[in-house]
Amino acid sequence: MPSEHAVPSRAVPSGAALVAIVCAAQVLVQIGAFYWPALLPGMMQRWSLTNSEAGWITSAFYATYMVSVPVLVTLTDRIDARRIYLIGVGCTVIAHLLFGLLADGFWSALALRGLAGIGWAGTYMTGLKLLADQVDAKMMSRAVTGHAASIGISGALSYLLGDLIAQHFGWRIAFASAGVTAAIAWIAVAVAVPGRAPIAKPAGPGSRLFDFRPVLRNRSAFAYSLAYCVHTLEMSALRGWGVAFLAFVAASTGETGELLSPTVVVTVLGLLGTVMSVVGNEASIRFGRRRLIAAAMLLSIAAGAVIGFLGSTGYWLAVVLVVVYGMIIWLDSSSLTAGAAGAADPARRGATLAVHSMLGYAGGFIGPLAIGWTLDLAGGMSRLAWGLAFAIVAAFMAVVLVIFAWLRPDELQGDRGRR
């Protein structure tokens, strides 16, 4: 039977078709998201940027996302998520096109990466909301994983494609092409995805749209979101600076890395990380979500504490450590988001995902800045500076692991112990 919330003027596709359309659109939107970190070493030289300035440009994406996402995603509890999604994709189109046409230094790059962050705030979790409202509780975890996998794959390919397009056609064409693919996504969703009215608003105290107190009182959802904050911090630190770190090691050790250039390594890392995210979520279902997340956090602390110090001694050792560290980081990615979405009150799922995403990208904002500031405070890129930079990221993770263990969130329906 058609859902009572479906918009009657548009045919409702099957669940599988809806997932396929949304995931394909997310690939097209996300494909240009990491052209900036992929091209970071060259852009720093071209515009004479300091490490801190480069960190600010990288973090601008996460900063505007963090500010925008509580508004845009929470609105999906009252407004058709498809409308918000199309607004977000539209901002992404404009940001990438204008970056390719007009960016010429720190301030213009900062502003346009910020606009791209607003676009992603209206795209990432709203795309997930399109799916989450239309799958049952037992399928929620795998639907979230499929959505995350599509974004992970395109994000990984972003590094390689950005580098290849820039080499052959120039960096301006690279960014402009990302605007074109996002425009194709806008058209696909506008044409193929039906509108859907939101679930009726909750009644009683705390029912106001932007009242986040009921969300914050949800102990389980908040625990998963807090862990997601530091997870995104370390992920953005590695994605934002991974190419620059490997380029530094190659230059300082005299190893060129011709077989696996820094951008190829980070691309491979992203693809493997996506696989690890899917594997990690299945492990959460089979062995327990809390156990998997705690194990991933412990491993990432250990990896982060040594990668900068040891990786700086040789390019191929750095490649191995970066890939291993990234796979550990991605291991609990889907598990955390599925945990927050599954623990949410259905009538406040948009607000819950907004808080989850805001906390995550607050970490995403801090991560690249922490690396850039540490490098500058330590006197520039060196073995010691890189070691300290990644060790600081590991310290953030250690603090949040203690809090996560204390909050002890519930497992989801379908996880071990909840069947």
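**Exercise 1: cysteines and conventions**

The structure holds zero disulfides, a disulfide being a pair of cysteine sulfur atoms within 2.5 Å. The model is predicted, so local features need pLDDT of at least 70 and side-chain atom pairs count only at pLDDT 80 or more, while totals for chains, interfaces and linings use all residues. Residues are numbered from 1 along each chain as its sequence is written, and side-chain values use heavy atoms, with hydrogens and water left out.

Task: decide whether Cys 91 and Cys 229 are buried or exposed.

Solution. Buried means under 20% relative accessible area, exposed over 50%, and partly exposed in between, with a 1.4 Å probe and protein chains only. Cys 91 has 18% relative accessibility and therefore counts as buried. Cys 229, at 17%, counts as buried too.

**Exercise 2: the chain as a whole**

Task: state how many helices and strands the chain has, and what share of its residues is buried.

Solution. Counting DSSP runs numbered from the N terminus (helices are H or I with at least four residues, strands are E with at least two), the chain has 17 helices and zero strands. Of its 419 residues, 59% are buried. Contact means heavy atoms within 4.5 Å, and among the contacts in the chain with a separation of 6 or more, 87% are accounted for by residues 24 or more positions apart.

**Exercise 3: H4 and H6**

Task: find the angle at which the axes of H4 and H6 cross, and classify it.

Solution. Axes are lines fitted to C-alpha atoms, for helices over the stretch in contact, and angles run from 0 to 180 degrees between N-to-C directions. The axes of H4 and helix H6 (residues 106-121) come within 7 Å and cross at roughly 30 degrees. Angles under 35 degrees count as roughly parallel, over 145 as roughly antiparallel, 65 to 115 as roughly perpendicular and the rest as oblique, so H4 is roughly parallel to H6.

**Exercise 4: H11 and H14**

Task: work out how H11 and H14 are oriented to each other, and which classes their contact residues fall into.

Solution. Helix H11 (residues 219-253) packs against helix H14 (residues 315-331) at about 175 degrees, with the axes 10 Å apart, and the two are therefore roughly antiparallel. Residues in the contact include Met 235, Leu 238 and Phe 245 from H11, and Val 319, Val 322 and Ile 329 from H14. The contact residues divide into 13 nonpolar, three polar and two charged, where Ala, Val, Leu, Ile, Met, Phe, Trp, Tyr, Cys and Pro count as nonpolar, Asp, Glu, Lys and Arg as charged, and the others, Gly among them, as polar.

**Exercise 5: positive phi values**

Task: locate Ser 48 and Arg 408, and give the phi angle of Ser 48 and of Arg 408.

Solution. Ser 48 lies in the loop between helix H3 (40-47) and helix H4 (51-74), and its phi is near 55 degrees, a positive value in a residue other than glycine. With 63% relative accessibility, Ser 48 counts as exposed. Arg 408 belongs to the segment after helix H17 (383-407); its phi, near 45 degrees, is likewise positive in a residue other than glycine, and at a relative accessible area of 55% Arg 408 is exposed.
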